[in-house]
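Please walk through this model with the sequence and the 3D view side by side. We begin with a cavity, then turn to strands and a loop.

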Amino acid sequence: MAGLTPVVMSAEQPAKSVRLEWTQREDLPDAVGRKGMFGGVSGGYVLLAGGSNFPTAQRAGGKKTFHRDVFLRELPLATERPWRVAEYRLPVTLGEGATVTTKGGIACLGGHDGNAPVATAFLLSVERGEVRRQELPELPQAVTNGTATALGGMVYVAGGEGNAGALGTFWRLDLDKAGARWEKLPAWPGKPRFGCILNVVTLTDGPRIVLAGGLPGPAKSMADYLRDVVVFDPKAGTWTAGATMPRGAVLGSSVALGGGRLLVLGGSDGHDFERMKELGERYRIPSDLMVYDVAAARWSPAGTMPLGVVGATVVDLGGSWLVAGGEYTPGVRTPRVDELKAVTR
């Protein structure tokens with residue numbers, strides 16, 4: 001973080017109080033649950049694809065399994081429109097990549113196929129209830145546990161794990177430009193990392209991309225769980241420092257609340273690191289929520305989520321968000337799906 005100075009930015013509107021409302025929806029059509037699914041909205045459907053789990057419990061010697069199937073659910077959400085498994089399947093087992101919804105479809109970027117990280121990139125879309133796939137240029141290198149966001153016609157991918165360890169890479173692809181290839185952008189002035197948070201917030205002088213947390217490599221103690229925050233100005237192409245996170249949030253999720261604020265959900269903070277094996281399934285991922293006001297460079301508590309998880313897939317429904325799957329204790333996934341609404345007062 002050397003050389004970075006916190007800056008004061010102007011939010012798009014004065015901050016207002018927000019009440020978070022949670023509604024439990026029907027579980028995923030996999031009773032074991034999934035972590036690291038690709039997901040988004042297209043053609044009037046929520047789409048969730050791939051992901052990983054342990055069909056036989058890890059504690060019983062089970063192996064991590066990656067999947068090919070795609071789950072669809074028609075919008076608006078209603079009990080008479082349940083999840084269904086699409087006829088289309090991914091060409092290979094795949095999960096734990098970066099994903100974000102774009103106007104052309106749901107970007108599925110990198111991930112792991114069960115053998116190694118991959119560099120594949122493609123869009124999934126839904127047309128008349130059927131899944132379609134469009135290839136994108138491959139990522140500059142194979143990467144899993146990266147993170148992505150979209151701004152205009154641009155897709156941004158940050159960090160992740162390659163074959164040689166954590167990455168400090170920051171790439172951008174212009175989806176509106178024919179023949180475009182991934183562009184290398186200035187990396188943040190901090191440690192390489194995977195499992196970080198990346199999202200766009202809007203301020204009065206333009207959008208910013210917030211990157212926070214992650215792990216720089218295999219965790220050896222709670223101190224390895226990064227809490228630094230950096231903010232990228234896509235117009236200037238520069239990074240500035242933000243306020244340190246109250247706790248780590250590796251493989252957490254985030255949503256933009258408006259007013260220049262970001263809500264962080266779940267993520268591992270490394271608490272009781274030395275006792276994880278001893279605690280077994282009694283160990284739980286934090287469920288507390290944190291809001292980051294980018295303009296004020298200030299973190300605030302925001303209550304709790306129904307179940308703290310890592311690797312959940314968060315889908316923007318337009319006015320609310322679907323929070324699907326994830327891992328709530330090491331090696332154990334959940335099929336739980338919740339809808340989150342943020343009511344501004």
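**A cavity, its lining and the strands**

The largest cavity has a volume of about 80 Å³. A cavity here is a set of points, on a 1 Å grid over the protein atoms alone, where a 1.4 Å probe fits but cannot get out. Its volume is the space filled by probe spheres set on the points, which are joined across faces, edges and corners. The whole structure holds two cavities of 30 Å³ or more.

This is a predicted model, in which local features need pLDDT of at least 70, side-chain atom pairs count only at pLDDT 80 or more, and totals for chains, interfaces and linings use all residues. Residues are numbered from 1 along each chain as its sequence is written, and side-chain values use heavy atoms, with hydrogens and water left out.

Which residues line the largest cavity? They are Trp 22, Met 305, Pro 306, Leu 307, Val 309, Val 323, Ala 324, Gly 325, Thr 334, Arg 336 and Asp 338. Lining residues have an atom within 4 Å of a point. Seven of them are nonpolar, two polar and two charged. Ala, Val, Leu, Ile, Met, Phe, Trp, Tyr, Cys and Pro count as nonpolar, Asp, Glu, Lys and Arg as charged, and the others, Gly among them, as polar.

Strands are DSSP runs (E, at least two residues), numbered from the N terminus. Eight bridges join β1 to β30 (residues 337–344), and the two run antiparallel. Two strands pair if DSSP finds at least two bridges between them.

These strands belong to an open sheet of four, in the order β1-β30-β27-β26, with antiparallel pairing. At its edges are β1 (18–25) and β26 (313–316), each pairing on one side only. From one strand to the next, the twist averages 25°. Angles run from 0 to 180 degrees between N-to-C directions, with axes fitted to C-alpha atoms.

Now look at β6 (residues 69–74). Five of its six residues are buried, meaning under 20% relative accessible area (1.4 Å probe, protein chains only). Five bridges join β6 to β3 (residues 45–49), running antiparallel. There, Phe 71 is the bridge partner of Leu 48. Three bridges join β6 to β7 (residues 84–89), again antiparallel. Leu 72 stands opposite Arg 84 in β7.

Asn 145 lies between β11 (130–135) and β12 (147–151). Asn 145 is buried, at 11% relative accessible area. Leaving aside neighbours within four places in sequence, Asn 145 is in contact (heavy atoms within 4.5 Å) with Glu 96, Gly 160, Glu 161, Phe 194, Gly 195 and Leu 251.

Notes: 1 Å grid on protein atoms, 1.4 Å probe; cavity = no way out; pocket = protein on both sides within 12 Å on 5 of 7 lines; lining within 4 Å. Buried < 20%, exposed > 50% of the residue type's maximum accessible area, 1.4 Å probe, protein only.
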